[in-house]
Amino acid sequence: MRTSTRTLLAAALVLGVAAGPALTPAFAAPRAVEAPRAGATPSADATPSAVAAPAVTGATAHPASPDLSTVIAGLPRTDATAALVRVGGSEGAWRGSAGVHDLVSGAPADPAARFRAGSVTKVFTAATVLQLASERRIDLDRTARSYLPELIPGRYATVTVRQLLNHTHGIPAPELAVGDTVEEWYAHRFDVHSPEDMVRSATAKPREFRPGTKQHYLNIGYTIAGLIVERVTGDRYEHQVERRILRPLGLRDTCLPGEAAELAGPYNHGYQTMRLDDGTTGLRDVSVWGVTDGWAAGDLVSTTADLERFTRALFAGRVVRGPLLEEMFTLPKVADLKSGDPAAYSAGLSMKRLGGREVWGKTGGRWGYNAAIASTRDGARTLVYSVNSTDAKGQDMNPTALNLMVAAYGLPD
């Protein structure tokens, strides 16, 4: 795919490192293949392994869409060192993995590995808030200040909980005193950022717009939402997510690591392109990196199997039940602050039309890792992936991740 086309597609697909794709009947039919080793090309005749599943049937290949197995063939490449993919739903299933566990050993990527899911965390946070709303412990129309009067100043007195979740609150991003380059961020990778300090930093600044009039995708609304969860429950945010979502769904390989910088359990190493100690530019292992700057907005660690189970349960109404589930599928009728386009974010999810259908989902990026969950509203086609991107927080969507979206769902409308 040419760079210009990829950039245009990225602009259409990426929603603040949180894309929501949409399914089309005309998508590339993936094949059930064995996970390729580094540099290997999957074969249609390969013996299925633990990472293979029945091929999707009855699908017509889209002329502009690559095959899923082709997308991940040949890893590691310049843009990514590994990829884990699961496609599911009533229209068929496919699983694949490719690339390496790490660049030193060159061992094959572990298809059951854990990874940093970044802003996919927001879906779990929104679901937790909506569960509390269903219990009448949180009112979506009540102001954030009424829950956190000592933390939210008067200039943000009218911001509601719903506006925190759908990014229409007008609160700017905090100043983290880290730096502007990846090298500066790397030097501060073990810094601990408290959510309260991040909220104080953000709310000390003038508002970006009058609450409820525009949309600007930022983490800060979810940081505040996490603190509201703690205030109304008298419990840690992490424990509430575990009690309400992780344990009921049996997501045993998913966690919120808090201040731990090391990935718990087996993981495929993440790498980031940056300036190295000798002055050259190359790949640095960034698997060990603190995530307290993300907290309730971006610190989740999971697996593709767990995220697939969560996605199926969420879209089936088994995580958030009843009318409140509609909050996750309702876009505010405002414009995006930067582009002027119609709002693309709901409470926790985002939406994009691809190939003639709506798909709702969320992507996330942490250094060395990109992840996504997505599904049609009826659950006919789900997609979960982890891509070990070498520029996971870059301006454009990672090429491998982008091509996975296109292969699974077709081109943007």
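Gly410 follows helix α11 and has a positive phi, near 90°. This is a predicted model, in which local features need pLDDT of at least 70 and side-chain atom pairs count only at pLDDT 80 or more, while totals for chains, interfaces and linings use all residues. Residues are numbered from 1 along each chain as its sequence is written, and side-chain values use heavy atoms, with hydrogens and water left out. The protein has 11 helices and 12 strands; helices (H or I, at least four residues) and strands (E, at least two) are DSSP runs, numbered from the N terminus.

**Overall make-up**

- Of the 413 residues in the protein, 57% are buried, where buried means under 20% relative accessible area, exposed over 50%, and partly exposed in between (1.4 Å probe, protein chains only).
- The accessible surface is about 16,000 Å², and carbon and sulfur atoms hold 50% of that area; the areas come from the Shrake-Rupley method with a 1.4 Å probe, and for residues only the protein chains shown count as cover.
- Among contacts (heavy atoms within 4.5 Å) with a separation of 6 or more, 73% are between residues 24 or more positions apart.

**Helix α11**

- The buried residues of α11 include Thr400, Leu402, Leu404, Met405, Val406 and Tyr409.
- Asn398 caps the N-terminal end of α11, with a side-chain oxygen 3.0 Å from the backbone nitrogen of Thr400.
- That pair falls under the term polar contact: N or O atoms within 3.5 Å, where within protein one must be able to donate a hydrogen and the other to accept it, and residues adjacent in sequence count only if both atoms are side-chain atoms.

**Helix α8**

- The 14 residues of α8 should span 20 Å at 1.5 Å a residue, and its end C-alpha atoms are 20 Å apart, which agrees; the expected span is 1.5 Å times one less than the number of residues.
- Because 11 of its 14 residues are buried, α8 is largely enclosed by the rest of the structure.
- Among the buried residues of α8 are Ile220, Tyr222, Ile224, Leu227, Ile228 and Thr233.
- The cover over the buried residues of α8 includes α3, α4 (144–147), α5 (161–165), α7 (195–203) and α9.
- Gly234, which follows α8, has a positive phi near 65°.

**Helix α9**

- Helix α9 (residues 237–249) has 13 residues and should span 18 Å at 1.5 Å a residue; the 18 Å between its end C-alpha atoms agrees.
- At Arg243, α9 bends by about 40°, the bend being the angle between axes fitted to the seven residues ending there and the seven starting there.
- Tyr237, Glu238, Gln240, Val241, Arg244, Ile245, Leu246 and Leu249 are buried in α9.
- Elements covering these buried residues include α3 (121–134), α8 (220–233) and α10 (304–315).

**Nonpolar cores**

- A nonpolar core is a set of buried Ala, Val, Leu, Ile, Met, Phe, Trp, Tyr and Cys residues joined through side-chain atoms within 4.5 Å.
- The largest core has 71 residues, of which Phe124, Ile224, Ile228, Ile245, Phe310, Val319 and Met328 touch the most other members.
- Helix α3 gives the most to this core, with 8 residues.
- A second, separate core of 26 residues includes Ala83, Ala401, Leu402 and Ala408.
- Leaving out residues up to four places away in sequence, Val319 touches Ala127, Gln131, Ile245, Leu249, Phe310, Ala313 and Leu314.

**Backbone points in loops**

- Most residues other than glycine have a negative phi, and most peptide bonds are trans.
- His167, in the loop between α5 and α6 (182–187), is not a glycine but has a positive phi of about 65°.
- With 2% relative accessibility, His167 counts as buried.
- Trp295, in the loop between β6 (281–285) and β7 (300–302), has a positive phi near 40°.
- With 8% relative accessibility, Trp295 counts as buried.
- Leu75 and Pro76 are joined by a cis peptide bond with omega about 5°, and Pro76 is in the loop between α2 (68–72) and β1 (80–88).

**Thr213**

- Thr213 is in the loop between α7 and β4 (214–215) and, at 27% relative accessibility, counts as partly exposed.
- The side chain of Thr213 reaches the backbone oxygen of Arg210 at 2.6 Å.
- Apart from neighbours within four places in sequence, Thr213 is in contact with Val334 and Ala335.
- Thr213 and Lys333 are 120 residues apart in sequence, and their C-alpha atoms are 8.6 Å apart.
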